[in-house]
Amino acid sequence: METLRIEGTNTSPRVCFEPDKRILELSGYSRPENARDFYINIINWLEEFNSWMGKNQKINPSSEPITFKFKYIYFNSSSAKFIFDIIQIISEMQKNNIPLKIYWYFDEDDDELREAGEELSDMANVPFHYVEVSQ
């Protein structure tokens, strides 16, 4: 499975999905002009990754979890829908017995970002580990 890297900008997050290292990370700002255009390739990659992991997990089970890191500074409401879509794919991965650890990073002064993570986690029934970051 190929690595997916997209450099972040002032309006779109950095994407660094490294399946060989078992680390998938989204970080920065997410307020692209067209959230669907930005996120569709990420969602397609994750669906393919889920399928690929499901096949590999059956052939060669691994106890080494996939680490997913959400390190958003800010995301707008149109991005939130696609972030939820990503979390639903993560939920499918868990149902396929793929070991996962999901981390939601937030600034210590940003209660809204933590609450957004808690809501997304609850809606998708996917447990997150919350990491408070001090600036």
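Mentor: Phenylalanine 17 stands opposite leucine 24 in strand S3, where strands are DSSP runs of E with at least two residues and helices runs of H or I with at least four, numbered from the N terminus. This is a predicted model, in which local features need pLDDT of at least 70, side-chain atom pairs count only at pLDDT 80 or more, and totals for chains, interfaces and linings use all residues. Residues are numbered from 1 along each chain as its sequence is written, and side-chain values use heavy atoms, with hydrogens and water left out.

S2 and S3 run antiparallel, joined by 5 bridges; two strands pair if DSSP finds at least two bridges between them. They form a hairpin with 4 residues between them, and arginine 22 in that turn has a positive phi of about 65°. S3 also pairs with S4, in the parallel sense over 8 bridges, with isoleucine 23 opposite threonine 67 in S4. Of the 8 residues in S3, 6 are buried (under 20% relative accessible area, with a 1.4 Å probe and protein chains only).

Phe17 also belongs to the largest nonpolar core, which has 38 residues; Phe17, Tyr39, Ile42, Phe68, Phe70 and Ile86 have the most contacts inside it. Such a core is a set of buried Ala, Val, Leu, Ile, Met, Phe, Trp, Tyr and Cys residues joined through side-chain atoms within 4.5 Å. Helix H1 (35-59) gives the most to this core, with 9 residues. Leaving aside neighbours within four places in sequence, isoleucine 42 is in contact (heavy atoms within 4.5 Å) with Leu4, Ile6, Val15, Phe17, Leu26 and Ile86.

How values were computed:
Buried means under 20% relative accessible area, exposed over 50%, partly exposed in between (1.4 Å probe, protein chains only).
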